[in-house]
Amino acid sequence: MLGALTLSALAPAGSAAAAPASPAHKAPSSGLQKEFAAAADEFHVPVSVLMGVSYQESQWEGHKGEYNTEGGYGVMNLTDVTPSMIAKGGAGAVGRHDLMDSTTSPALHTLTAAAKLTGASAAQLRTDERQNIRGGAALLASYERAVTGGTPTDPGHWYGAVAKYSQYSDKSAAKNFADHVFSAMSQGAGRRTAAGQQLQLNAEPTVKPDSGQLGKLGLRQTAKAPTECPHGVKCTFDPVDPKAGNHQVANGPDGRGGIRYIVIHDIEGSYEGAIKDFKAPDATTSAHYVMQSATGDVTQMVPTKDVSFHAGNYWFNMHSVGIEHEGFAAEGAKWYTGKQYQATADLVKYLSKKNHIPLDRQHLIGHDNVPGPNRVGVKDTHWDPGPYWDWDRFMQMVGKGSPKSTGRAPAVGSAITIAPNFARNKQTVQVCNSPSGAPKPCTSQTEPSNFLYVHTAPNKKAPLFGDPALHPDGSAGTNHIDDWGNTVQAGQQFVVADARPGWTAIWFSGSKVWFPNPIGMNTKPAKGATILTAKKGTKSAPVYGMAYPQPSEYPQGFSPDPFEALSMYGVPAGQAYVANAAPVHADDFFKVTAQRPESKVVTGSKTYYTIQYNHRVALLDSADTRVVPHGGGHGTKPSHGGGGQPAADTSSMQRSANAAQAQPISDVVPTGGGLADAAPAADVTGKLASTGSDPLSPWAVAGSVAALAGGTGLVWATRRRSRWGAQS
């Protein structure tokens, strides 16, 4: 987006006919919406165009006057990039050497141009929402006059101005930006901002954008590269070193066994830095794609047919595509820009269609949702992209928004989706390190977040749950950044174990945990979910992080890869968990070597379910489980006993409401029918030695904050190198 377009066409407002606010818009419902209407009227811009551009640029979030990695300020993303902004790295576009050399480009200083057009000071345009919106409106009007010679009332005639506002110099990228803006105008959009303002862009389905104006902007058409990217996303192919140990070529008839997941990462560093690291001859990690923050540009580094070492778990590497995002998790609001979200959403939809990957949170996961490969590696797994990746927004962008809340507490035995409102779910976080890792005084920040904390009892003063992998001594959970084991995240699905006024309990990590859920405000029904429990007569079903064939199933000349149950975990009898798809066969992958010119997938006879076990997913041997049949569990009474211990197995949900333990779930009805379509039988698993994951490993943290029902403190610090190999 930070292209080579100049602002030479900027000029004071002329005498062209005014374009009033669109009649399709109702009376403004917030102060911010009134400012959009006022600025649209002042500068003769259709209000739908002004609001549509702002929605695409910032989702109408001003971020309290701070600049993002594009060097952009406010809801209109007015840019003002300086050498010092680039040089200090942690904020702004860290590592962007191209910007270091081009900070004089007008495309990097739209705020300066807006100041000349409006008479407002640069400081006002940075921090005052009214002036920022006026600046954006003035820029749009100046671009429109350069394209058409006036400011027409028809929003469709503003296509060229909208494309130019993107500051892209590439024709396809500018078109993609404008198309998304006009799509929002056609379909409408509405949201409540983090500041609590409700804004509405009413649908205008009759608007016909004049895309022919794109030819008047003098943009270059980049030659199509041999990439696997959707049309309209600026994408280049810059492959990893073919001899590096950070990927494996799959050229056999079974590929790499099937792609089932797309894993979202953040780099904890710069776009260019990640590309450089992944291309090193001695690199041990990589990713299929790297996404730039400021522009949404994409670099593909590994073909999707091949295995990239990105997730810290070889079996998941085999079955996933890894997408790295420039940024730092502790500053997610700055780094996860609208353009980055949009480019990733477009890429994910493309990959989903190409590889038949369902567009849901059970298949679009974060690195923080990938399980540890074995019992030793669990505690060192990463948890990027962090609490500020807006999963709700992202899922809406890929066209799979979550269902509406029922407005009532969920029934015991039902499957639910965790669904806090991102903008209103503000969590307090202490930041004790700069993005570069250098120590600094701890600061506290309260920002919209994607997670909820889980407690051992339905009380905000109750201890946080202590995950047995992270707290083997049985101690309570903490608010440390690497203590991911006491959080649930937007889109994850669980089975309700119990209920109290304002609180819901779920089965989680082998125990019963509680989170605040007044009238079901943080959950939605998980329709169609398949619920699993341990088979009858089993005390506890083992939990796995990978699924390899049995040693006897490997052909001669192929060494078996051992794997083990995660011994600190289990699914005790009476508990229940949600499966994300039909079971798949255990499998393993063998790369091309000098002696083996064709890669090979070895498929085992055992099948495994993937379940949402805690903050991460896990695998269950289907022989150890059973799908809960239709016949009971909805609306059963919650128990009034205390504790978070697993219940004993039973064939009935009709225990006494005063039982000392939580009511077991042995015969819960699936919430919407049977299993999903089966995955291909020939699937792939992988090697423990080649885990791969972020170039930086889990976060080391210190500090403590009280656990609150609606928002819990969290301490951020830097990552340290993982013993299981660098993770991406």
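**Notebook: loops and cores**

I began with Pro385, which lies in the loop between strand 12 (364-366) and helix 14 (391-397). Helices here are DSSP runs of H or I with at least four residues, strands are runs of E with at least two, and both are numbered from the N terminus. Asp384 and Pro385 are joined by a cis peptide bond, with omega at about 15 degrees.

The model is predicted, so I noted that local features need pLDDT of at least 70, side-chain atom pairs count only at pLDDT 80 or more, and totals for chains, interfaces and linings use all residues. Residues are numbered from 1 along each chain as its sequence is written, and side-chain values use heavy atoms, with hydrogens and water left out.

Next I looked up positive phi values. Glu268 is not a glycine, yet its phi is positive, about 60 degrees. I found Glu268 in the loop between strand 7 (261-264) and helix 10 (271-279). Glu268 counts as buried (under 20% relative accessible area, with a 1.4 Å probe and protein chains only; exposed is over 50%, partly exposed in between), because its relative accessibility is 9%.

Ser509, also a residue other than glycine, has a positive phi near 55 degrees. The loop that holds Ser509 runs between strand 19 (503-508) and strand 20 (511-516). Ser509 counts as buried because its relative accessibility is 4%.

Last, I checked the nonpolar cores, which are sets of buried Ala, Val, Leu, Ile, Met, Phe, Trp, Tyr and Cys residues joined through side-chain atoms within 4.5 Å. The largest has 54 residues, and Phe36, Val45, Leu50 and Leu140 have the most contacts inside it. Among the elements that each supply at least two residues of this core are helix 1 (31-43), helix 7 (129-148) and strand 4 (198-201). A second, separate core has 32 residues, including Ile481 and Ala541.
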